[in-house]
Amino acid sequence: RQREMIRRAAVIAYDDRCSSCCPPNVQQLMLRRIRHMLSRRRNHDENLASARSNMLQHDLRERDITSPRVLDAMAKVPRELFVGEGSRDRAYGDNALPIGQGQTISQPYMVALMTQLLDVESENHVLEIGTGSGYQAAVLAELAASVITIERHAELSRSAQRALADAGYDNIHFVIGDGSLGWPEKAPYDRIVVTAAAEEVPPPLVQHVADGGILVAPIGPRD
C-alpha cells in the first residue's frame, strides 16, 4: 500500500512539474509511459505475491512445515530481494538459485525446515554460519531478538547487508570470517544454525551453544 501511494505521488508530482514547461502532447506521452511502467511493476508485484502464496501452501504447508511462527516468517520475508535480478521471477520456486561466488540461496523448503528444527523463541540470541544471500538471516530475524551471521566471502556479506537493510532489518550483526570458528565475542548462543553441509560439526560451535540451546547443521557429504 505504501509503495502504491509513493507511485501515485510520483505521477502527480511529474504532472505538476511538466504542466508549465512541456507541450500538452509531450506531457500526455510521458504520463502514458510512466503509467505503463507502473502498471507493469504492479503486475510484477502481484505475480510475486501469488508465487509466495503458492510456495507457502504447496512447498511448505503441504509438506511437513507446521510451525505457525515459521510459516508467518516465510510469508513476511521478500525472497526476491535476495536473488539476482535475472532470478527474481523464479525466487519462490522450490529450488536453489545461484547468488555468486559459487554459492546458492537454499530452496525455501530447506530454509523453513532448518528454521523449524531450530525452534527459535522471541528472546533468543542466534548465530548463523554462512550468511550467503541473507535470506535465512532475514527469516531468523523475524523470529529472534538478535542474529549474528558469519560469511567468509566478503562480497556476499556486503551484498546481504544491502539486501537486509533494504528489507528493513536492524537486529542483525554481520561478521566476515571463518564460520567454523564461531564468534566467541558474543557467545553463548541460544541457537546456532549452519547453512552448508559439513562432515562434522566444528567443535568451537558446540562450545558456543548455551545450556539448553539448540544447534542445527546438515551433516554429510557436500554432494
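Buried means under 20% relative accessible area, exposed over 50%, and partly exposed in between (1.4 Å probe, protein chains only). Helices (H or I, at least four residues) and strands (E, at least two) are DSSP runs, numbered from the N terminus.

The model is predicted: local features need pLDDT of at least 70, side-chain atom pairs count only at pLDDT 80 or more, and totals for chains, interfaces and linings use all residues. Residues are numbered from 1 along each chain as its sequence is written, and side-chain values use heavy atoms, with hydrogens and water left out.

**Exercise 1.** Determine which residues of helix α4 are buried.

Solution. Step 3: Asp 119 follows α4 with a positive phi, near 50 degrees.

**Exercise 2.** Describe the strand pairing of β4 and the crossovers that involve this strand.

Solution. Step 1: two strands pair if DSSP finds at least two bridges between them. Step 2: β3 (residues 125–129) runs parallel to β4, joined by 5 bridges; Glu 128 has Thr 149 of β4 as its bridge partner. Step 3: from β3 the chain passes through helix α5 (residues 135–143) to β4 in a right-handed crossover, that is, with the strands pointing away from the viewer, the path from the first strand over the helix to the second runs clockwise. Step 4: β4 and β5 (residues 172–176) are also parallel, with 5 bridges, and Ile 148 stands opposite His 173. Step 5: β4 is largely enclosed by the rest of the structure because 5 of its 6 residues are buried.
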